[in-house]
Amino acid sequence: MLRDTYLEIDLDLLKNNIQEIQNFIGPDVILGAVVKANAYGHGAVELAKYLSTIGVNRFLVATLSEALELKAYNVMIMGHTPDRLLEHIVENQIIQTVFTLDQCLKLNELGKKSNQIVKVHLKIETGFNRLGFQIKEDLIETIHDIYHLDFIEIEGAFTHLTLKDETSDMLQINKFLNLMKDLEKIGVHIPIQHILDSIGMVLYPDYHLNMVRVGALIYGLQSEERGVLKVKQILSFKTKISHKKVIQAGESISYGNRWVAKKQTRIATLPFGYADGYPRNMYQKGYVTINQKKYPIIGVICMDQCMIALDEDDYSEEEVIILGRKVNEMTVEEAAHLAETNKNDIVSRFSLRVPRVYVGG
Ligand SMILES: *Cc1c(COP(=O)(O)O)cnc(C)c1O
C-alpha cells in the first residue's frame, strides 16, 4: 500500500447487509445492486466481484464508463448514453435505459448490424422530471412500436420517486402502474418492472414489483428516521500521524493563521485532506479518533493534509480513525450532518488516490 491513508471495507458486514435486504424483499424480487460512482466510493470492481459470489447478479450504474468496468457481469446503465457511443452498448451486451423512440431505433439498427438483440429498460417520467418518456396520448403506441422492433428486447421499465411524501409518491407509483396495465392490454408485457431505491424499498414494501434498485443500504447507509433494517456501515477511513511537534502560545496553524494556540500545544499532522474526499467544510467541526478518544481538527483543512491537537500521550504508531463505526468514531451519518450534506455524498467523494483495503469475505 502506497499511503497511510486508506479506506477499509468490511466484506463480512457487506454480506450481512445483503442478507438483511434479501430477507426483506424475499426470493421473488431481484436485488439490483447500485454500484455507480465506484460503488459509492467503495470500489465497484472489487465489490461486484465479491457480490457476485454471494448471489447478487444484477449491477446498476450511471454511465457507460462505469458499465465497461463491469462488463463481465449483468450490468445496466440507468443514465443516458450519447448516440455516438451506443455501439459500445451493443458490442458489450450492456443493458441500456432508454427514454426516446429515436434511441431505440438507433440501438435496433446497431443490433441488426451485429445480429444481436439489445436489452433495454424504459424509463418512465412520473414526476421527477429528470429522464423519462412523458406519459402522453401517443406513448402507448410508441412503446408498442419499440416492442416490435426486431433487435430490441424491452426487458424492463422503471420510474424514480422524488420521495416528497406518501401522497406524491403514490401518485407517481400509480401513474407508472397504470401505464403498465395499459400496455398489458395491448399485449406488451414487460418482465422487470421497478420503482424503488433504498428509502422507497423500506417505505413501500407493497411495491417492490420485480426488482428494487438498492445503493445506500448495501453499504449500510440507512436513513436513521426511516430505517428498519439491521445494516451496518461497511467502510472506515483511516490514517497515521505523519509529523508531530509542539507549538507555543501565539503560534498558528494552516492557511490564514486561522487557528492560534492559546497555550503550548502538541499537534500532529495527518496525511489526508479535501482532495481525498474529506469535506473541506468540516473546518471547525471535524475530529478524528485515536484509542477511542476524539481529537479536533484544527486550522483550515488543506488539499492533502490537516492538523489535530493532541494531548500528552505519544500516539505515533497508533491508528487514526477518520470515519468509523465504533465508540467515539465519526460515522458517515455524523459526517454528513456536520458537512451539511447526505451520506451518499460523503462516501462517493472518496478519490481514486485513496487505497481501498478489503477485509473479511
Ligand atoms: C442512485 C440511484 C438509485 C439508488 O439510490 P439509493 O438511495 O442509494 O438506494 C436508484 N435508482 C436510481 C435511478 C438511481 O439513480
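Visitor: What volume does the largest pocket have?

Guide: First, the ground rules. This is a predicted model, where local features need pLDDT of at least 70 and side-chain atom pairs count only at pLDDT 80 or more, while totals for chains, interfaces and linings use all residues. Residues are numbered from 1 along each chain as its sequence is written, and side-chain values use heavy atoms, leaving out hydrogens and water. A pocket is an open set of points on a 1 Å grid over the protein atoms alone, with protein on both sides within 12 Å along at least five of seven lines. A volume is the space filled by probe spheres set on the points, which are joined across faces, edges and corners. Here the largest pocket comes to about 780 Å³.

Visitor: Which residues lie nearest its centre?

Guide: Lining residues have an atom within 4 Å of a grid point. This pocket has 36 of them, and Tyr40, Asp197, Ile199, Ala216 and Asn344 lie nearest the centre. Helices are DSSP runs (H or I, at least four residues), numbered from the N terminus; H2, H9 (198–203), H10 (332–338) and H11 (343–348) each give two or more residues to the lining.

Visitor: And what takes up the space of the largest pocket?

Guide: The ligand does. A molecule sits in a pocket if more than half of its atoms lie within 2 Å of the pocket's grid points.

Visitor: How many residues surround the ligand?

Guide: A residue is near if one of its heavy atoms lies within 4 Å. That gives 13 residues, with Lys36, Tyr40, Ser198, Arg213 and Ala216 the closest.

Visitor: Which N or O atoms lie by the ligand's oxygens?

Guide: Look for polar contacts, pairs of N or O atoms within 3.5 Å. The side chain of Lys36 has one 2.7 Å from a ligand oxygen, and for the side chain of Tyr40 the distance is 2.5 Å. Gly215 uses a backbone N or O atom, at 2.9 Å. Taken alone, the ligand exposes 390 Å² (Shrake-Rupley method, 1.4 Å probe), and the protein buries 89% of that.

Visitor: How many cavities of 30 Å³ or more are there?

Guide: In a cavity a 1.4 Å probe fits but cannot get out. There is 1 of that size, and the volume of the largest cavity is about 40 Å³. Its lining includes Lys123, Phe128 and His160.

Terms used: Polar contact = N/O pair within 3.5 Å; in protein donor to acceptor, adjacent residues only side chain to side chain.
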